[in-house]
Amino acid sequence: MAEVLDITTEEQAAIRSAYEDMIASLRTPFSQEDREQMDRAFKLANYAHRHQRRKSEEPYIFHPIAVARICAEEIGLGPTAICAALLHDVVEDTPVTIEELQDEFGERIAQMVNGLTKLDSAYQSESKQAENFKKVLSTLIVDVRIVLIKMADRLHNMRTIKSMPEHKQLKIAAETSYIYAPLAHRLGLYNFRSEFLDLCMKVLERDEYNAVARKLQETKAAREKYIESFIAPLRSKLDELGYPYRIFGRPKSIYSIANKIKKKQVPFEQIYDLFAVRVILDVPREKEKLAAWATYSAITDAYQAVPSRLKDWITIPKSNGYESLHTTVVGPGARFVEVQIRSERMNEIAERGFAAHWKYKGVTNQRDVYEQWFESVRDILENPNSDTVQFLGDFRANSFFNEEVYVYTPDGDMKALPKGSTALDFAFSVHSMVGYHCQSILCDERIVPMSYELRNGDRLKVNTNPHQKPNPNWLDMVKTGKAKAKIRQALKEEKRQQGELAKEALHRKLKKLHVEDEKAAVETIARHFTEGSHVDLFYEIGQETLQISQVLKPFTVEHGKLVLAAPPASNGQPHVQEKDADSRSRRSGANRPKGTTRLLINGEPGDQLEYTMASCCNPVQGDQVFAYLTSNAGLKIHRVICPNAENLMANYDYRIMKAEWVSTSEHSFVAELKLTGLDSGKGVIERISHEITHLDLDIRSFNIAAESGTFTARISLLVRNTDQLRLATRALQNLDNVSTVSRVE
Ligand code: MN
């Protein structure tokens, strides 16, 4: 059988020159040996992929070459990573094995390709993106270059996404904005992050993207003219300082502009910071700070500064390594202009993130901003109880914080935590045992609540007590993923311990009943009562919310095996159903009116809160009412004319909330929402419709199209006002796997 050579001679020449261009773009020096190894990697990849073409029809090998080039040019990785990038798809897509790579290129490169391969196969399988993400992070600990190559791979796929079928575009884009953009941000790859977000927006919100892009284009000439008029008077001042510098205006990303328009609800024309001016100083390391502040001084001599906008990330860099001095000044025409001042080195770190940080690592004696993060990632990954979905949520929540807060230990050591972190987060950041046993926290010598939100410069001291332990409320008092994971772990362990006695008791009981296969029996009981969780089963027995006699009631013992008894006259699962029904009625309030009229408490739908009708005045719908937060029985709804009302309002006004009945049938209008997101295979439709039902909105129509792991849904809702619509949008946006929610006008 003759071999079919798919690649033409012209193509072969183009491949060769793409490879040479890639080599020429390497920023790091390399030896003759390195060059030979890269050549061999290229040759092997070129041969292995020879029968494949990309969706765009071009030979497949252009993709690994392009990925290698991004690694070389935009991240600044060296020859070893380049070899791995060239080979990144061979094990996945061709008969080449890891063992062959190991023989040919050695342990390191084989290990990197292996890491990249595993990610891809996880991505193609049904496994949830949270699992996939966990895998990405575990390779990060093996060798951070694996994740950097993965980023380059994803960036090239996003840049060439046009040639993919629409449904695949949606899936890739949704996953990119969900996982890769935050990860890029965390690794300090600012350019990657902006490009990811821009490219995602182009796919997921095409119209909005195009609208902003068009307006940016239309206003380009005027903007450039303005920037020149802003810069011109600065040049002589900067020349005088004598530091070599570059100064230029830089448009902000389309994504960030569109975001601002959405967030501030203003038209494009009113967004003033469409660009920033950047001054990059070419000075040695030891002169950086001085030069930056001298430059700041020169600029603020020329233009009036807006003091509240000064950000000094040179003295204290961000925890992803970012260093820069930002200020906003009032430019010609009274326009606010952001100016970013930094050295060439800082600029490189800002653009290439971790890789550049790595390069300068030995040179400075700055605290290693990444090591701390890697440590917390390792911590979470090694936690056997960490739920991956939870984990991804925590990670995303934490990495979206651009800003940090800097606080001090009693010894004067500085700690950087995500902005919004609490005193309890601080305790966990010191050590998990300090967190576990945290009894009280002093901030600048006075006691603060554990939920106290940290402020820059706080000096904190944690008092511990060996008898103290986490309780479930603590979960609401922390913000960082590390603290959350540690608390969850401790709570689970606590539950397990409390169940130990119950476990013993059940064991004795089963023995008495002559059950032989005890393990299977416990399994059966747990499945029946606690959705299979042994920990919960023992815990509930221990807490006496479940009695042992009750637990055994539905079963009989036959031939040493525990089996479900014949269905009793009433119903099969007396306990569970009673408990369920009971808690349901408690939750919804037994006398809560049903129908189209409902209660808004402080403007929020009341059914999201727990409330009951006060028995002193028994309000019914339509009555003028208010909500009162009791100290132990949740919210109570009273009539305004209740005999107790006056007393409550006079003495406890801080516990009073506004409550009003609204009729959902009056003045309702139909609004259509469009949702896109990832279809994790686990009941997206159920979760969306559950959420809407939960908000007590009527669905007029619901269309969902799922394809290859993404979905697009269109939902027509009957809403009373825009507040309701906003609430619904927000609630849907918060659902896992939902990427975008937009209103179809
Ligand atoms: Mn690839």
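Let's start with a pair of strands, β7 and β8. Five bridges join strand β7 to strand β8 (residues 414-418), and the two run antiparallel. Strands here are DSSP runs of E, at least two residues long; helices are runs of H or I, at least four residues long; both are numbered from the N terminus. Two strands pair if DSSP finds at least two bridges between them. One of the bridges links V405 to L417 in β8. Together, β7 and β8 form a hairpin with five residues between them. In that turn, G412 has a positive phi of about 90 degrees.

Is β7 mostly covered or mostly open? Mostly covered: four of the five residues in β7 (404-408) are buried. Buried means under 20% relative accessible area, exposed means over 50%, and partly exposed is in between, with a 1.4 Å probe and protein chains only.

A word on the source. This is a predicted model, where local features need pLDDT of at least 70 and side-chain atom pairs count only at pLDDT 80 or more, while totals for chains, interfaces and linings use all residues. Residues are numbered from 1 along each chain as its sequence is written, and side-chain values use heavy atoms, with hydrogens and water left out.

Now the whole chain. It holds 30 helices and 23 strands. Of its 745 residues, 47% are buried. Take contacts between residues at least 6 apart in sequence: 66% of them join residues at least 24 apart. Contact means heavy atoms within 4.5 Å.

Next, a sheet. Four strands form an open sheet, in the order β21-β22-β20-β23, with antiparallel pairing. In general, strands of a sheet pair through backbone hydrogen bonds, either parallel or antiparallel. Which strands sit at the edges? They are β21 (698-707) and β23 (738-744), each pairing on one side only. From one strand to the next, the twist averages 15 degrees. Nine bridges connect β21 and β22 (residues 710-719) in the antiparallel sense. A705 has T712 in β22 as its bridge partner.

A helix packs on this sheet. Helix α29 (residues 684-694) touches β20 (669-678), β21 and β22. The direction of α29 makes about 160 degrees with that of β21. Axes are lines fitted to C-alpha atoms, for helices over the stretch in contact, and angles run from 0 to 180 degrees between N-to-C directions.

Two residues from this region. T710 lies in strand β22. T710 has a relative accessible area of 3%, so it is buried. Leaving aside neighbours within four places in sequence, the contacts of T710 include H167, L170, K171 and A705.

L725 lies in helix α30 (residues 722-733). L725 counts as buried because its relative accessible area is 5%. Beyond its neighbours within four places, L725 is in contact with A671, L673, V719 and R743. L725 and A671 are 54 residues apart along the chain, yet their C-alpha atoms are separated by 7.8 Å.

Last, two helices. The axes of α11 (residues 190-204) and α14 (residues 254-264) come within 8 Å and cross at roughly 65 degrees. So α11 is roughly perpendicular to α14. The cut-offs: under 35 degrees is roughly parallel, over 145 roughly antiparallel, 65 to 115 roughly perpendicular, and the rest oblique. Which residues make the contact? L197, D198 and M201 of α11 meet I254, Y255 and A258 of α14.
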